[in-house]
Amino acid sequence: MAGEKDAAQFSQKGDLSLNPMQRYIMQRVSKLVGKALTIAEGAIPEGQQCNAVKKSLENSLYEFRDELVEKLK
């Protein structure tokens, strides 16, 4: 599952134990990122601009997720 993979990657950044709420946030945001990228792909023609928008969305959403997880320690 993508959320568990993200949780493992987050744990490698320094926090080895995620509580249930942190794991839930990791999973939900991972699903949200996937949906947002699918919408962007459908709305923007393929190419450099689409890739830039997708990367920006992905980075922003994962940054937000990491902030939430940190606050729930």
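Modeller: Start with one pair of side chains. Aspartate 66 makes a polar contact, side chain to side chain, with arginine 65, at 2.8 Å. Bear in mind that this is a predicted model.

Colleague: Where does aspartate 66 lie?

Modeller: Aspartate 66 is in helix α3.

Colleague: Is aspartate 66 buried or exposed?

Modeller: Compare the relative accessibility with the cut-off. Buried means under 20%. Aspartate 66 has 17%, so it counts as buried.

Colleague: Let me step back. How many helices and strands does the protein have?

Modeller: Count each kind of element. Here there are 3 helices and 0 strands. Along the sequence the pattern reads α-α-α.

Colleague: What share of the residues is buried?

Modeller: Of the 73 residues in the protein, 33% are buried.

Colleague: How do I read a nonpolar core?

Modeller: Take the general idea to begin with. In soluble globular proteins, nonpolar side chains tend to be buried together. Now this case. The largest nonpolar core has 10 residues, among them Leu18, Ile25, Val33, Leu61 and Val69. Two or more of its residues come from each of α2 and α3. Helix α2 gives the largest share, 6 residues.

Colleague: And the outside? Which residues form a nonpolar patch on the surface?

Modeller: Met21, Tyr24 and Leu72 do. Together they have about 290 Å² of accessible area. Take methionine 21 from that patch. It sits in helix α2, which spans residues 20-43.

Colleague: Why does methionine 21 count as partly exposed?

Modeller: Partly exposed is the range between buried, under 20%, and exposed, over 50%. Methionine 21 has 45% relative accessibility, so it counts as partly exposed.

Colleague: Now cysteine 50. Which helix holds it?

Modeller: Helix α3, residues 48-71. Cysteine 50 is buried, because its relative accessible area is 4%.

Colleague: Which residues is cysteine 50 in contact with, leaving aside neighbours within four places in sequence?

Modeller: Ala40, Glu41, Ile44 and Pro45. Look at alanine 40. It is 10 residues from cysteine 50 in sequence. In space, the C-alpha to C-alpha distance is 7.2 Å.

Colleague: Then contacts across the whole protein. What percentage joins residues at least 24 apart?

Modeller: Take the contacts between residues at least 6 apart in sequence. Of these, 60% join residues at least 24 apart.

Key. Residues are numbered from 1 along each chain as its sequence is written. This is a predicted model: local features need pLDDT of at least 70, side-chain atom pairs count only at pLDDT 80 or more; totals for chains, interfaces and linings use all residues. Side-chain values use heavy atoms; hydrogens and water are left out. Patches are made of residues with over 30% relative accessible area and no salt bridge: like charges are joined within 9 Å, nonpolar side chains (Val, Leu, Ile, Met, Phe, Trp, Tyr) within 5 Å. Accessible areas come from the Shrake-Rupley method with a 1.4 Å probe; for residues, only the protein chains shown count as cover. A salt bridge is a side-chain nitrogen of Lys or Arg within 4 Å of a carboxyl oxygen of Asp or Glu. Helices (H or I, at least four residues) and strands (E, at least two) are DSSP runs, numbered from the N terminus. Buried means under 20% relative accessible area, exposed over 50%, partly exposed in between (1.4 Å probe, protein chains only). Contact means heavy atoms within 4.5 Å. A nonpolar core is a set of buried Ala, Val, Leu, Ile, Met, Phe, Trp, Tyr and Cys residues joined through side-chain atoms within 4.5 Å. A polar contact is a pair of N or O atoms within 3.5 Å; within protein, one must be able to donate a hydrogen and the other to accept it, and residues adjacent in sequence count only if both atoms are side-chain atoms.
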